[in-house]
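Hi,

Here is the model I promised to pass on.

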Amino acid sequence: KSCAPTVRGVKRALAAAVCGGAPLDPPASLARAVGLEAWVTEFRSLRPGPDVVQSRIDDWFADFEAEEERKAAEAKAAAA
């Protein structure tokens, strides 16, 4: 086997691993998620965080309670 340093790209990384060297990692700017990891990353980025969800729930519940109070007041006024 020859451990020629002139090999480029993937072959260079494989050659480094075969020759006892550490495999070469791609630069961070080129590293990107693939497969399931990419899908999970995209899925999570499209969903609101728990703080946003809690805020929406709180807003909805406040509106619901105000509407219920309004309906109760109308029913009381109509009964009187």
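Below is what turned up, starting with the overall picture.

This is a predicted model, so local features need pLDDT of at least 70, side-chain atom pairs count only at pLDDT 80 or more, and totals for chains, interfaces and linings use all residues. Residues are numbered from 1 along each chain as its sequence is written, and side-chain values use heavy atoms, with hydrogens and water left out.

The protein chain has three helices and zero strands (DSSP runs numbered from the N terminus: helices are H or I, at least four residues; strands are E, at least two). Mean pLDDT (the predictor's confidence in each residue, from 0 to 100) is 82, and 69% of the residues reach 70 or more. Confidence is lowest in helix 1 (residues 9-18), with a mean of 69, and highest in helix 3 (residues 50-79), at 96.

Of the 80 residues, 2% count as buried (under 20% relative accessible area; exposed is over 50%, partly exposed in between, with a 1.4 Å probe and protein chains only). Trp39, in helix 2 (residues 35-45), is exposed at 51%.

Now the charges: there are two salt bridges (a side-chain nitrogen of Lys or Arg within 4 Å of a carboxyl oxygen of Asp or Glu). Arg70 pairs with Glu67, closest N and O atoms 2.3 Å apart, and with Glu74, also at 2.3 Å. These bridges share partners and join Glu67, Arg70 and Glu74 into one network. Arg70 itself is partly exposed, at 38%.

Cheers
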